[in-house]
Amino acid sequence: MYHQPTITRAEILEATGLNPASLSHCMKRLIRAGLVLRVGELGAKAGRPADLLRLNSEAAYFVAVDLEASPIRFALSNLLGEIRYRWEEGDPAKAMDVSVIKRGVDMVCRPLSAREREAVLSVSICRPGIVDAEGRVTSVNLGWEKFPFAEKLREVLDRPVFVENAGKAYLLAERWFGAAAGVQDCIFVEVGKGVGGAIFSRGEFFRGRTQAEFGHMTVEPGASDLCKCGKAGCMEAIASANNVVRQYLDRVGLPGRLVSTLTVNEVIDRARRGDLHALAVVDRAMRALGLGLSYLLAIFTPEVFVVGGYFLGCEDFLLPRLRAEVASHAREWNGTYRIVPCATGSDIGLRGATALAFHHAIEDPAMLSRLSGTEPVVRRSRKSPE
Ligand SMILES: [Zn+2]
């Protein structure tokens, strides 16, 4: 029902395999609770016309927070993931504090009536950085060192809080709203401040035994490009936004200069206009990325790579180069695959956080019963968001 504007009972029966009596019982409850609306009738040649049903988009709300953005972005979305209110908060130059998040959450909920505020089910956050086994977050961008983020947030917010790694949230966004809708094997590659992402394999997120960070695969052994991970020659050390700018400034004899003013998009623009130094740097970045993606292709054989970050707006120039690099390393037995730009644009973090919130709402029996105003009607095994 989430993915279709309207649906009939017969279509639900076919998709779920429920028996007609159970479905009728469920639907009565959901309609009574206001979660499902009867919006029309579909005429039939014989017998009763079929009801057209749809989810009531205003039955519940979520707050989504994108901590990867600076300033931090907040959105209030309805049950269908449509963004209703937006807010930005926080000084990127300062270490982030949970009070900033509390204020942003309050601001996007402010236009709601008291009844609507009651229907805000959760706060869902996508965050940068790495998290340890105790749930403490370390992020250079946010000024955090082993910060017990989720724990602190739960102290100040009076709703369930979900926190997810930005790469995973981006992949969720693209699977729910974007370029990888319904795909069971896909990889999201973010090429921005760093290089990273998430891997969805056979319908589940790939999880390593410890923190897996494919952006730090060495793609140029012996290269002198130092990475913040302490090694040299990683995908990130060559292809991240800052590293593209750094290499360009080195080549034109301005090492370290203009770093704060020149952006990666300007370097790409110069390459587009025929600046040979810029072109060499961009080509090297695409070679590094292409080699790294070919490793991922060889291991995970995804159907789709979705690429975000500085590719947005320059995909016409960058993607053909990246595709050619990957193709030069791909083997026939890897099968067909596509490399596409992300479709959710700059809202990807907010969309991902919303998808995460919706997933938790339908997976968590307590939240589902709050949503439907009844006993839990659907129980599914807990597993990765799909
Ligand atoms: Zn590295």
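Author: Two residues are in contact if their C-beta atoms, placed from the backbone, lie within 7 Å. The model shown here is predicted. Take Arg54, which lies in strand 2 (residues 50-55). Leaving aside residues up to four places away in sequence, Arg54 touches Met1, Pro5, Thr6, Ile7, Leu37 and Val39.

Reader: Is Arg54 buried, partly exposed or exposed?

Author: One counts the C-beta atoms around the residue: 20 or more within 10 Å make it buried, and 12 or fewer make it exposed. Arg54 has 16 C-beta neighbours inside 10 Å, so it counts as partly exposed. For the chain as a whole, buried residues make up 37% of the 386 residues.

Reader: How far apart are the C-alpha atoms of Arg54 and Leu67?

Author: These two residues are 13 positions apart along the chain, and their C-alpha atoms are separated by 32 Å. As for contacts in the chain with a separation of 6 or more, 59% are between residues 24 or more positions apart.

Reader: What does the radius of gyration say about the chain?

Author: The value is compared with the one that the globule rule gives for a chain of that length. Here the chain has 13 helices and 15 strands. Its radius of gyration is 23 Å, close to the 21 Å from the rule for 386 residues, so the chain is as compact as a globular protein of that length. Along its principal axes, the C-alpha trace spans about 75 × 50 × 40 Å.

Reader: At what angle do helix 10 and helix 11 pack?

Author: An angle of this kind is taken between the N-to-C directions of the two axes. Helix 10 and helix 11 (residues 315-329) pack at about 45°, with their axes 8 Å apart. Helix 10 is therefore oblique to helix 11, and their crossing is right-handed. Among the residues making this contact are Met286, Leu289 and Leu293 of helix 10, and Leu318, Leu322 and Val326 of helix 11. The residues of the contact divide into 8 nonpolar, 3 polar and 4 charged.

Reader: Where do helix 8 and helix 10 meet?

Author: Helix 8 (residues 241-251) and helix 10 (residues 276-300) have axes that come within 9 Å and cross at roughly 145°. Val244, Gln247, Tyr248 and Arg251 of helix 8 meet residues of helix 10 including His277, Val281 and Ala285. Helix 8 passes helix 10 in a right-handed crossing.

Terms used: Residues are numbered from 1 along each chain as its sequence is written. This is a predicted model: local features need pLDDT of at least 70, side-chain atom pairs count only at pLDDT 80 or more; totals for chains, interfaces and linings use all residues. Helices (H or I, at least four residues) and strands (E, at least two) are DSSP runs, numbered from the N terminus. The radius of gyration is taken over C-alpha atoms; the globule rule is 2.2 Å times the number of residues to the power 0.38. Axes are lines fitted to C-alpha atoms, for helices over the stretch in contact, and angles run from 0 to 180 degrees between N-to-C directions. A crossing is left-handed if the near helix is turned anticlockwise from the far one by less than a right angle, and right-handed if clockwise. Angles under 35 degrees count as roughly parallel, over 145 as roughly antiparallel, 65 to 115 as roughly perpendicular and the rest as oblique. Ala, Val, Leu, Ile, Met, Phe, Trp, Tyr, Cys and Pro count as nonpolar, Asp, Glu, Lys and Arg as charged, and the others, Gly among them, as polar.
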